[in-house]
Amino acid sequence: MKVELKNVKVHKQLSEETDCFSATLYVNGQRCAEVSNRGCGGPNEFHVLNRKLFDEFKVFAVAAPPWDGLKMDAELYVTWLLDLHEREKEERKLCKKGVVFRLKSDPKNQWRILKGPVDQIGRDQIKKQFGESVAEILN
């Protein structure tokens, strides 16, 4: 099952305890629900557009593996998708600055940047300077 969020709008300035956002939930390419959170610590709110598809999504979400030690459900699955969306957005922004990489000793979501053009020369320079301690080169 392909599940994705589209039309994502995150309002950081309104976020207090949870992320304030609105998005459209798509399942297998079809609009399933409008989902939002007011950012005040409450649950995600679903405005279901296709009940049958939404029920299938809920079953799929419950069967998904745990995230950060939490048992997955429809609400947490959407929160996970939103987190993934925000991380990918941040990584795209970082990739515009240069070659983005992480060493094995770095925390999982911490990146280093070699400023300059993103090309094989930059990647080779990182491999030469850091050798086997390079965990990942993002771009």
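Leaving out neighbours within four places in sequence, E86 is in contact with V10 and K12. This is a predicted model. E86 belongs to helix α2. E86 counts as buried because its relative accessibility is 17%, and the cut-off for buried is under 20%. The side chain of E86 also makes a polar contact of 3.2 Å with the side chain of H85.

The strands come next. The sheet is open and consists of four strands, in the order β1-β2-β3-β4, with antiparallel pairing. Its edge strands are β1 (3-10) and β4 (45-48), each of which pairs on one side only. On average, neighbouring strands of this sheet are turned by 25° against each other, direction ignored.

Helix α1 lies across β1, β2 (21-27), β3 and β4. Helix α2, the helix that holds E86, packs on the sheet and touches β1, β2, β3 and β4. The table gives the residues of each helix and its angle to one strand.

| Helix | Residues | Strand used for the angle | Angle |
|---|---|---|---|
| α1 | residues 51-63 | β3 | about 70° |
| α2 | residues 74-95 | β1 | about 65° |

To return to E86: this residue is buried, sits in helix α2, and has V10 and K12 among its contacts.

How values were computed:
Residues numbered from 1 in each chain as written. Predicted model: local features only at pLDDT ≥ 70, side-chain atom pairs only at ≥ 80, totals over all residues. Heavy atoms only, no water. Pairing = 2+ DSSP bridges. Helix = DSSP H or I, 4+ residues; strand = E, 2+ residues; numbered from the N terminus. Axes fitted to C-alpha atoms, helices over the stretch in contact; angles between N-to-C directions. Contact = heavy atoms within 4.5 Å. Buried < 20%, exposed > 50% of the residue type's maximum accessible area, 1.4 Å probe, protein only. Polar contact = N/O pair within 3.5 Å; in protein donor to acceptor, adjacent residues only side chain to side chain.
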